[in-house]
Amino acid sequence: MNFGLTEEQEVLRSVTRRFLDERAPMATVREIMESPEALDEKLWTGMAELGWLGLVIDEDHGGAGLGWVDLVVLLEETGRGLLPSPLISTSLAPAAISEFGTAEQKQRYLPSLADGSAIGTLAVLEESDVVGPDGIALSGTPDDGGYRLNGTKRFVHDAGAATLFIVPFLADGNDIKLGIVEANAEGVATKSYATMDETKRMADIAFDNVPVSSDAVLTGDGTAALARLLDLAAVAVTAEMVGAMDKDLEITSQYAKDRVQFDQPIGKYQGVKHPLAEMYVDVETSRSLLYYAAWCVQEQPESLPLAAARAKRTRASRSSASASMAYSCTAPSVSRRSTTFSCISNAPSGRFRRSETPTTTTVA
Amino acid sequence: MDFNLTPEEEAFRDEVRSFIREHLSPEGRKDPNFMGNWLKSVREKRWVGFNWPAEYGGGGGGIMEQVILKEEMSKAGGPPLGTSMMGLQWVGPAIIEYGTEEQKQQFLPDILDSAYQWCTGYSEPGSGSDLASLQCKAVRDGDEYVVNGQKIWTSGASYSKWIILLTRTDSDVEDKHDGITCLLVEMDSPGVEVRPIKNMAGSSHFAEVFFDNVRVPVKNLLGEEGKGWAVTVSALAHERSGISEVAGLISQLAQVVQLAKRTRKNGRPASEDPGIRRRLSKADAMIEGMRLNGQRFLTKQLKGEKLSSETSINKLHRAFLAIEFGELALEIQGSASQYTSRPADEDDDDLGRWASGALGWPAVVIGGGTPNIQRNIIAERILGLPKD
């Protein structure tokens, strides 16, 4: 029994944090946020050089050959730093190809994903707004051993920056298959847009008779593969949220120590300190659920679906509450910094949108 | 990171499981001598006081073995490993750490043999969360202490033979944690009076205990005079890891889920109601979170690090769940949940079964430190916020 990180994982954490502190401080994050695809080429190259992009790709295909616990360490840090980048998206694509691809597909796609010259993403959501096999209706009409895709994917993370998409579709009206589609393929049109989380970009992808040859279709049961990939996605997204929440708590606790009103630090009031204690409970419990799920990915795959659901459920339901807590502690000097954090919580409510009031640097 | 057991740990788990299969059969449980036989056989296994050092009659079980034993027993719904609960949990460990050789000889075997009950005389009418402000007074008089004062919320006082009692021997101290003295007092001593308190669930587990010139021999002093606070701190530290509670919580949740499945609301099972489902799934994730938090605490302990304030996390989850299970069961059951016992002319076993649980939460929520105290601990000791 050992529910702790290895020395190497602790080093990965501190190296990551140092890199982000130096190369992507908040001022830089804000600049990247404003760029069309929320992606900075130089930073991306730096991330590739550190081996982040191929972290879970095996060494034979140019990756570091590490596991999902390592990836979660990394994503917790990028979540802490609110790093705008398609890191999660491009970590899921090689997961799909590594687990369900042929030897030829691995050879063809993994090395370029590992070195960052290719960016991948998972294109799942459709008009149904159902995240899962039941929501897939994109039609794949048999054609010359492969398929022709027609339909639209919506709210696809980082689709504007991506060079290849993993696309679940309904093959011949029957079963779900996963196709690898290159972004510049004939008949593919992407339309990017900003959403409430300004560190992320999403896009619609329209497929107009797009050919997917037989050697671009992943093997095995597509329904099971999609379910597995969505579990991995839940783990990855939860990791970012936990990291962001942890930073939220750190900032807010510090503010509660520094901010003096009625002649004492506001952190002395139980009305402030108790909600902060609750945030701590949420962060740590989410972290426990998260790391167990990450461990399950490779060591106990049969336990992953439940572990991932529990982790994401807890994190998602608490992060908006915690963001709101961070607000109420720091108001009225709500900085853009902390509102940016809140956006990551995917809170469905407009009150977490970035404030347009003059920003202060008190919290940042 | 590795959640697997070592081969040795697996072997021990299998040993526990086969013991359970042998001694906890449904037929065996119906035997009138079941409990006596059970206590005898777990005592022979040295599983009573399993974490106590072997030289004092305990099992000398390592941290990991303790967790395995407790978890397997809890999963099997087995009877307790020994019935001198307070003795095993608080008094024995305190005597092992602070007791004289004579005290060890006198008390430890009886606790392990489930010979009688102990109660803990800590809280007073004016001293609950702020326990160190306690006023129950002990004055040295020759070879005896003379005790005057009152304790309250003393669990099991009416059926205990001994009480471990915190008294104040010195009021003239700068730090109120000083001047506290721990005495071991026989409950049938002249001047001890127990008045049971009936709680809102109808049980009289708690009591007030009054001390009127009770004379306690000095040989029953535990630890040093004036240094009694240390004795309680050591004892309280055992309570908060939370791992062994999880199996019990899983079984409680399963019972509420079953209730939701067999209870119909608006023409369909309550288990199909999205609101109910959401609450059940929240409880499920929280329990799993407690289990995994517990594993992290356990990892720390296995590395030889001391656990501190982080265990308050699970205490807060535990408090939430105690209230939530009660409320959820009542909400599922609807109006009929108001029965506190099943009416004689009804045959639905659910009637009267849930109200007492819903009314029993204060013992769980308040005992060992209220939620607000836990929040203070986290905020001040972990987050470093200024003290009140």
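Chain A and chain B bury about 3500 Å² between them, with 61% of it on carbon and sulfur atoms. Buried area is the accessible area (1.4 Å probe) that two parts lose on being put together, summed over both. M1(A), F3(A) and R313(A) supply 23% of the area that chain A buries against chain B, more than any other three residues.

This is a predicted model: local features need pLDDT of at least 70, side-chain atom pairs count only at pLDDT 80 or more, and totals for chains, interfaces and linings use all residues. Residues are numbered from 1 along each chain as its sequence is written, chains are lettered from A in the order in which they are written, and side-chain values use heavy atoms, leaving out hydrogens and water.

**The contact**
- Chain A brings 32 residues to the contact and chain B brings 39 (heavy atoms within 4.5 Å).
- Six salt bridges link chain A and chain B (a side-chain nitrogen of Lys or Arg within 4 Å of a carboxyl oxygen of Asp or Glu).
- E278(A) and R375(B) form a salt bridge through their side chains, at 2.4 Å from N to O.
- On the side of chain A that touches chain B, α7 (222-258), α8 (270-299) and α9 (304-330) each supply at least two residues (helices are DSSP runs of H or I, at least four residues, numbered from the N terminus).
- α8(A) gives the most to that side, with 16 residues.

**Helix α3 of chain B**
- Within α3(B), residues 34-44, the buried ones are F34(B), W38(B), L39(B), S41(B) and V42(B) (under 20% relative accessible area, 1.4 Å probe, protein chains only).
- These buried residues pack against α1 (7-23), α2 (26-30) and α4 (63-76) of chain B.

Terms used:
Buried means under 20% relative accessible area, exposed over 50%, partly exposed in between (1.4 Å probe, protein chains only).
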